[in-house]
Amino acid sequence: MLFNSYPFLLVFLPIALLVVLSLRGLGRVSASLYALCIASLIFYAAWDWRFLGLLIGSICFNYLVVSALARRPSRALMWFGILVNVVLLGFFKYATFLGQNFAALTGSDFSAPTIVLPLAISFFTLQQISILVDTAREPGRQPKFRDYALYVSFFPQLIAGPIVRHNELLPQIRDLTSRLDLTAVALGATLFTIGLIKKIALADSLKPYADFVFDTVDKGAAAPGFAEAWLAAFSYHLQIYFDFSGYSDMAIGLALLFGFRLPLNFDSPYKATNIIDFWRQWHLTLSRFLRDYLYIPLGGNRGGLPAQSARIMLVMLIGGLWHGSSWNFVIWGGLHGLMIVVNHLWRRLPTQRRLPPLASQTLGLVLTTLGVVLAWVFFRSATLDGALTMLASMFGLHGLGELPTGDLSLLGLARTIALGGVGVTALDSNALLLVALGCMLVWFLPASQRIVNYSPGVTDATLPSRFPVAKAALSGAAFSFALLALARPSEFLYFQF
Amino acid sequence: MTPLRYIAIFTAAALTVVTIAFGAAFSADPAHIFRMPEAYGQIASLLQTGTPVGGLESPRHRLINRAFIAGLSQTPGTVILGSSRIQPFSPAAAGWPESLNLAVEGGDLGDHLYIYGLLRDARRIPARMIIVVDPYIFSPRRDLLSRNGEQAALRRLVDVLGVNCLNGTDYWGSFAWVPEILTLDYAIESILVLQSELRGRDKPVRFAADPRLTSTGFIKRPDGSVIFSREIRERSPTYVDDYAATVLEHPVGRGLAFTELDRCKVDVFSALLSLLKNDGVAVTLAMLPYHPKAYELLQSNSPVLDEVEVLVADLGRELSLPVLGAYDPARTFCSSREFLDMHHPKQSCSQRILESAAPQDVQD
């Protein structure tokens, strides 16, 4: 059940809201939490009921370990818990990949079985590893099983994050009162709508342009020219941002409807003027996890630049591998690691200060964007050969190619956006306009949370102080627009990870 | 502002958009969900009484077929499905009894499904069916149905086919499972229709009960076949040859400029053939040639004509179905003089190809 689908929006969500908020309004707070927990399990089972047992088993196992750690901290028990989680994730996510590489290395005809990846396993595994480590470090109050189960399975964040820490959500669950926060409902609806529009109008409209070139290259067909390759790469660059940040906005908005505040996942990352800042603004909850549970335990910034660089590379390679069992993801992570290392080196050079601030920022934005776009080529390509062909095209080795033909028409662009890319079968002139529009949006508009005045740390929400009527009316109209456009639901990119 | 007021404005704006969309859809009704234009019902009634209808300008044969099938008093013996390429073929002129040509303009795979779905819904499953296979129906660049509307009947049949690849969303012109009136695509189309009507561009379908009265427009015969307008019928051979030489710039050529067949559409087509067999329909697959000059140019531009020929032959072999004709005019012995343009063969060419599929009593 996708957030951007009729079954979710017209059936699941209204029923879940009605039941949970009614119980809460009647003062049955505990019952409302159980109801929300059951709704979350139904949400998960709607994807594939066969893996429901895996989710419940994982919750039960980790709850037992967390309870034991809360009573008596033990590093051995913590490592045992982490190991079980990692083995489980490794089996489902990496067994086939390892088998294939083993066969390729040894030249054997070993055929690795194809294992279906259970949805959300990457996310709920990280979430539970974080609570195991934190509880072992600082044993505190043992959560109730109901609260723990809801913390892991809470459906807005279950499938693709944000990766929520226990100290962000468990206290909210524990301290929930029967008060219905209408301001949170209003903000949640608006934030959800912004995410829905990002997904339907922008990400889905850009998708066919990226797919058209990347899929052709992956199939080994003719290499694109310079212009086509860059246009497709920028289409994907924007698609993945609008797709994933749209999903995160929806998740945060949904949580608000139920009265919970989730952490932010994006903070205008494409405005970053260097790669270090990019990672402080992109997939914040993953960056935070990698920093706190991998980079710092490995030594962090200690030991000078070489040691720090080695740690950065290792963490980014693991971060890349976390996204999927393919060498392309590892290379993507490695490239980002390399760029971060270079960024650290650059910061130690005195030359950077010679540029005027505006020129420095513009140059930084351009270089960061180019670096991120080039790295996305590995992330998007299904094969290594495909990625290398795309890169060769982007460096002009396959000729200049041709810019898309056709009239540049704002009406055509509006129709492409209104229909979410339906009917797009080639790189037409709308691709240029759409990429230009996407760049304007990511460079000049504020992040969604700033538009609606949302901050995860603020418990007493307030409505936007600027243009509240316009924001309410626009988001209401946009919600219906999105609802009408939902005839073609499409999956979110980050579900595959 | 109070949160309650904020939510009220949000809700009011949301309802306004839905109301506008529904209002536009209801007013324009481009897929004729609420109202069928009277003209189509009248055309169908005239055809059912054996009266040819002339003077047709921009008719939608899908709608004529919809009304025609709904009013059928008996089950047809043979039904022909295809595109405008087979529309000029008259079963009556060929001496085929109880046969109908239900081909439609731009006939796509979705149209074949749709029309067979209508026949099934009306319990008028014919004993025999000739499917004239156009290569573009396997193009990955086209929606399953090339026009809006009529999705419910299409969907019903697709559900019967049970082809998993259609569970995705790429193949639906715009509508998955919600009532098609409440989609953005339909709202936009409705608004465009209203805009066109306001500008006086949308002409109602015109027709005349006596074809002799008409000097322009198409004529539809009671057997479903179409006589093209005089302008098309009376083109000189030189004009047709020159016209055929422009095929690559024409929508016909552009529609065939793809390199790989859409596997899902192949599966759907195969499932349709299996369903027809299960329903007891004797199916014949046929291919009509292109004008020699157009064929030569199309062949040099794309391999799909050969690929579709191989596919049709394979399907015929697998399902034990007779396969007639080819896209190559030389193999079907159709000369350039037997074409109305680059891809519409005349009756003589089509009849020669379909001869062996004639109903048994005619062959005897």
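Let's start with one pair: Ile130(B) stands opposite Thr284(B) in β7(B). Keep that pair in mind.

Some ground rules. This is a predicted model, where local features need pLDDT of at least 70, side-chain atom pairs count only at pLDDT 80 or more, and totals for chains, interfaces and linings use all residues. Residues are numbered from 1 along each chain as its sequence is written, while chains are lettered from A and ligands numbered from 1 in the order in which they are written.

Now chain B. It has 14 helices and eight strands. Helices (H or I, at least four residues) and strands (E, at least two) are DSSP runs, numbered from the N terminus.

Axes here are lines fitted to C-alpha atoms, for helices over the stretch in contact, and angles run from 0 to 180 degrees between N-to-C directions.

Let's walk across. Four bridges join β2 (residues 78–81) to β4 (residues 128–132), both of chain B. Val79(B) has Met129(B) as its bridge partner in β4(B). Then five bridges link β4(B) to β7(B). That is where our opening pair, Ile130(B) and Thr284(B), belongs.

Is β7(B) enclosed or open? Five of its six residues are buried, so β7(B) is largely enclosed by the rest of the structure. Buried means 20 or more other C-beta atoms within 10 Å of the residue's own, with C-beta atoms placed from the backbone. Across chain B, buried residues make up 43% of the 364 residues.

Last, two helices in chain A. The axes of α15 (residues 357–380) and α16 (residues 384–394) of chain A come within 8 Å and cross at roughly 150°. α15(A) and α16(A) are therefore roughly antiparallel (over 145 degrees). What meets what? Leu374(A), Val377(A) and Phe378(A) in α15(A) meet Ala387(A), Met390(A) and Leu391(A) in α16(A). Contact means C-beta atoms, placed from the backbone, within 7 Å. The residues of this contact divide into six nonpolar, no polar and no charged. Nonpolar covers Ala, Val, Leu, Ile, Met, Phe, Trp, Tyr, Cys and Pro; charged covers Asp, Glu, Lys and Arg; the others, Gly among them, are polar.

Terms used
Two strands pair if DSSP finds at least two bridges between them. A residue is buried if 20 or more other C-beta atoms lie within 10 Å of its own, exposed if 12 or fewer, and partly exposed in between; C-beta atoms are placed from the backbone. Angles under 35 degrees count as roughly parallel, over 145 as roughly antiparallel, 65 to 115 as roughly perpendicular and the rest as oblique. Two residues are in contact if their C-beta atoms, placed from the backbone, lie within 7 Å.
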